[in-house]
Each structure stands twice: as C-alpha cells, then as structure tokens.
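Hello,

Here is the structure for your pocket work. My notes on what was found in it follow below.

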Amino acid sequence: MKVGLSTPLVNPFATPEYIRTLGTAAEDRGFHSIWVPEHVVLFDSYESVYPYADTGKIPIGPESGVLDPFVVLSNLAAVTSRIRLGTGICLLPQRNPVYTAKEAATVDWLSNGRLDLGIGVGWLREEFEALHVPFERRGERCDAYIEVMRALWCDEVSQYESEFYSLPPTRQYPKPVQQPHVPVHIGGHSNAALRRVAEHGQGWYAFNQSPEEMRERLAKLDQLLEARGRTRSEIQVGVCPYTVPADAGVQKGYEDAGVDEVTLHAVARDEAGLIATLDG
C-alpha cells in the first residue's frame, strides 16, 4: 500500500522555503504523493458546519488562509521529479470549469504528468455565496463541470452544452501529459459521492473514514461500479485518516479493506517541525 501526505498549506507558516522543503524531503523519503486542499476565502463566523470537528468549525486561525492549490503544486513540481501531486480537494462546483481545466492541464504539463485532480462539492455555503455561485444542486453542477473539463482535455475542438454550462466550439492547450486526461479523484463518502466515483472517477479520495467504514463504503462502491460496467481495478482508492489514529494496525486495516493509498495528515509550523513530522 502506498503512503502519501495530506498537507494543508496555510500562511504564515507555508513560506516558499517551507514548500520547497516539503517537496524535496517528502520525495527523498519515498512518499508517493502530496495532496493540498482549497478554500479561496474563510470567515470569522459562519453557520455552515465543518463536518470533521466536534466544534463544527474549521481549525484555521482568523488571519490565516489556505494557499491556492494549483500555484502550490506548480511550486512543488519545480522542486521534485517523481512524487505525485494532488488537490485534496479542489472545490469544483464553485469554480469556472474552463479555468480549472486549464490550471490542471498546466500543472500536469509542468510536472511531466504527475497531477491527480481531487475534487469535491464543498460544505461551506458562505464560500459559495461570496463567489456568487448557487450552493443548491452543487452536485449536479460538479458532474457537468467534470464533463466540461474532459472535453477540454481530450478533444481537439471542445464544446459542451447543458443546463449548467455552455461551451462553444473552442480550443484549449496544452493538453494534459497523462492520457486520456488527468485522473479525477472524487472526494466524499456519501452515496452521491460514490455514485460520482462510479460514473466519472479514476480515483476515490476518502477523508476521516476508519478501516471499517472504508470496507462498508467500498462494498457500496463495488455495486455502483458493477451497475455501470466497471470494476474496482479501474479506481485508485485513497483515504486520509485525519482524526483516525493512523498507527501500523490501522494502516494494515486499510490495506485489508482494499485501500490503495493512505495519505497521512502532516502539519507543522516550521521547516524543522515538518522534517520531524515526516520522520515520525
């Protein structure tokens, strides 16, 4: 089973030097991947409930913010040559899909084909509202945006038409290095998320799920894949344990459940702390 890193890169700690150290040290230590999250804005107060903390609040200070994932991954691509680079996760339905396709293809191009595009529908209504994007039906919007991106990545002349997006015949380059396109990893563990994996995904990026929960959810995913003429062999199954203690026994439990990669949550306030975390 592969081991990667889930690293929330937040100011003021994630300096250029910190990011360089993260990339080189993780690659030198044989980690398979680095995944970085996304939030374009955060709020002093909000009604939405962060699903991974008892407080219902995201654990980021009021004067901190998450660095843009594609800019970060471009920096990491420049200082590494082997490690996979992923968004964990990109909030696709609140973004413009044409720009997202361009950014993803550019990172894939600059990294010589090392990008994994993890996407999810998001939980923070207030962030959607700040972007003037409807929070309702964001799952359906996400499905449509995946199709827009696939058209831009795969077709010489791309076009798309649906309720959620209209793309006239157009050209977008560069195309991704990876063929037929950048692997799309779907975040979430709801039935809707698993349905999205079965329909659109090359990977599933699970979060905060125990080995027992992964086993149950993978049984459901197998049913959804079979109904669409697909098998688990077409899907890379990853999980970030987050608050689940990821000791050796738990990691073995993930492997036995059918997980292909565990991405360990790696947080530090400086480069020395980062090295200690990676060596821990």
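**Pockets, barrel and packing**

The second largest pocket holds about 210 Å³ of space. A pocket here is an open set of points on a 1 Å grid over the protein atoms alone, where a 1.4 Å probe fits, with protein on both sides within 12 Å along at least five of seven lines; lining residues have an atom within 4 Å of a point. Grid points are joined across faces, edges and corners, and the volume is the space filled by probe spheres set on the points.

This is a predicted model, in which local features need pLDDT of at least 70 and side-chain atom pairs count only at pLDDT 80 or more, while totals for chains, interfaces and linings use all residues. Residues are numbered from 1 along each chain as its sequence is written, and side-chain values use heavy atoms, with hydrogens and water left out.

Of the 14 residues lining the second largest pocket, L42, F43, I60, G61 and P62 lie nearest its centre. The lining divides into nine nonpolar, four polar and one charged residue. Ala, Val, Leu, Ile, Met, Phe, Trp, Tyr, Cys and Pro count as nonpolar, Asp, Glu, Lys and Arg as charged, and the others, Gly among them, as polar.

The largest pocket has about 1100 Å³ of space. Its lining has 46 residues, with H39, Y50, Y52, W123 and F207 nearest the centre. By class, 26 are nonpolar, 16 polar and four charged. At least two lining residues each come from β3 (84-91), α5 (138-154), α6 (191-200) and β8 (203-207). Helices (H or I, at least four residues) and strands (E, at least two) are DSSP runs, numbered from the N terminus.

As for the fold, eight strands close into a barrel with parallel pairing, in the order β1-β2-β3-β4-β7-β8-β9-β10. Two strands pair if DSSP finds at least two bridges between them. Strands β4 (residues 115-120) and β7 (residues 184-187) are joined by three bridges, and L117 has V184 as its bridge partner in β7. Between β8 and β9 there are five bridges, also in the parallel sense; there W204 is partnered by V237 of β9.

Strand β9 (residues 236-240) is largely enclosed by the rest of the structure, because four of its five residues are buried. Buried means under 20% relative accessible area (1.4 Å probe, protein chains only). In α6, the buried residues are A193, L194, R196, V197, A198 and H200. Their cover includes α5, β7, β8 and α7 (211-227), where contact means heavy atoms within 4.5 Å.

Regards

Notes. Buried means under 20% relative accessible area, exposed over 50%, partly exposed in between (1.4 Å probe, protein chains only).
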